[in-house]
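Please consult the sequence and the model alongside the text.

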Amino acid sequence: MKRKICVSAFLILMAVCLFSGAMLLRDGCRKMREREANRLLAEKVRQAGEQGEEELQTKPSDKEENGESPVQEETFILPEYRELWAQNQDLSGWLTIEDLGIDYPVMSTPDDPEYYLRRGFDKKEAVSGSLFTGEGCFSGGGNTIIYGHHMRDGTMFGNLDRYSQESYAREHPVIRFDTLTEKGEYQVIGAFYSRIYSLKEKDAFRYYWYIDLREKESFEEYISRVKASSLYDLGADAAFGDELLTLSTCSYHEKEGRFVVVAKKTG
């Protein structure tokens, strides 16, 4: 009887181990697929950008001499993003922070803001999801809020919290965010820990509500609260009329915690 119990226990243990191993293997394969898919997107953008620069440097007369017709420039979309936009018109921009490995498309679906929470660029299920603009964000609002998962493997915004260190922020103050029509560089002005607040909590800094900063009072209030909440002072400030970029990801310092980086456009 004892032998049967031992054998049964052993078989159960083996089954659990095999199942756990299969799950780990599946998760590992999924992570590899998602990383590779994003790498290929970034490579397409890089190659398209290089090709676009070469076309601009080529004189129309040179092409005519070779029997080619001049390229008709599509000025409404930057060359590096035309192909991806043709594939998926939810694409609204591209975010790059090279040292953190952030080199991803930014998606926008106003009618369903969290559509890409667990979907890749191809709209298929992806645990790491995609970067996406927040609810209510619109062009000309003054503040683009971009959300992304804090992935343990470092993908998406998995390394964004390195900006919690003042030394890192001083050494890497520049974030690049391109819209479909305009390239942009942003300078970090602050970073802070926050959380999602209940409606009952008074005087909470709900950074995620500051979408429309077209009024001077709203803009200055947001900057003031960012500076007051920031973990450090870089000496950089923002003035009314500056375009802002806010990056937000989960943080596990408390329930519903968030880590936030705010930057202003400089070029």
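The model is predicted; local features require pLDDT of at least 70, side-chain atom pairs count only at pLDDT 80 or more, and totals for chains, interfaces and linings use all residues. Residues are numbered from 1 along each chain as its sequence is written, and side-chain values use heavy atoms, with hydrogens and water left out. The chain holds five helices and eight strands, where helices (H or I, at least four residues) and strands (E, at least two) are DSSP runs numbered from the N terminus.

**Overall architecture**

- Along the sequence, the elements follow the pattern α-α-α-β-β-β-β-α-β-β-α-β-β.
- Of the chain's 267 residues, 40% count as buried; buried means under 20% relative accessible area, exposed over 50%, and partly exposed in between (1.4 Å probe, protein chains only).
- Among the contacts with a separation of 6 or more, 59% are between residues 24 or more positions apart, a contact being heavy atoms within 4.5 Å.

**Nonpolar cores**

- A nonpolar core is a set of buried Ala, Val, Leu, Ile, Met, Phe, Trp, Tyr and Cys residues joined through side-chain atoms within 4.5 Å.
- The largest such core has 34 residues, of which Tyr 81 and Tyr 222 touch the most other members.
- Two or more residues of this core come from each of helix 1 (2-57), helix 3 (79-87), strand 1 (91-97), strand 4 (143-147), strand 6 (185-195), helix 5 (216-229) and strand 8 (257-265).
- The greatest contribution to this core, four residues, is that of helix 5.
- Another core, of 27 residues, lies apart from the largest one and includes Leu 160, Ile 175, Tyr 232 and Ala 263.
- Beyond its neighbours within four places in sequence, Tyr 81 contacts Val 45, Leu 91, Trp 94, Arg 176, Asp 178, Thr 179 and Leu 180.

**Helix 5**

- The 14 residues of helix 5 should span 20 Å at 1.5 Å a residue, and the end C-alpha atoms are 20 Å apart, which agrees; the expected span is 1.5 Å times one less than the number of residues.
- Phe 219, Tyr 222, Ile 223 and Val 226 are the buried residues of helix 5.
- Viewed down the axis of helix 5, these buried residues fall within an arc of 95°, so they line one face of the helix; the arc is that of the directions from the helix axis to the C-beta atoms.
- Glu 217 and Ala 228 are exposed on the other side of helix 5.
- The cover over the buried residues of helix 5 includes strand 4, strand 6, strand 7 (244-251) and strand 8.

**Strand pairing**

- Two strands pair if DSSP finds at least two bridges between them.
- Strand 1 is mostly covered, with six of its seven residues buried.
- Strand 1 pairs with strand 2 (residues 102-107) in the antiparallel sense over six bridges, and Ile 97 stands opposite Ile 102 in strand 2.
- The hairpin of strand 1 and strand 2 has four residues between the strands, and Gly 101 there takes a positive phi near 75°.
- Strand 1 is also joined to strand 5 (residues 174-179) by four bridges, and the two run antiparallel.
- Across this pairing, Gly 93 has Thr 179 as its bridge partner, while Trp 94 stands opposite Asp 178.
- Strand 5 pairs in turn with strand 6, antiparallel over three bridges, and Arg 176 has Glu 185 in strand 6 as its bridge partner.
- Five residues lie between strand 5 and strand 6, which form a hairpin.

**Backbone exceptions**

- Most residues other than glycine have a negative phi, and most peptide bonds are trans.
- Met 156, which is not a glycine, has a positive phi of about 50°.
- Met 156 lies in the loop between strand 4 and helix 4 (166-171) and is buried, with a relative accessible area of 2%.
- Asp 203, likewise not a glycine, has a positive phi of about 60°.
- Asp 203 lies in the loop between strand 6 and helix 5 and is exposed, with a relative accessible area of 72%.

**Cysteines**

- Zero disulfides are found in a search of the whole structure, a disulfide being a pair of cysteine sulfur atoms within 2.5 Å.
- Cys 137 is buried at 18% relative accessible area, and Cys 250 counts as partly exposed at 27%.
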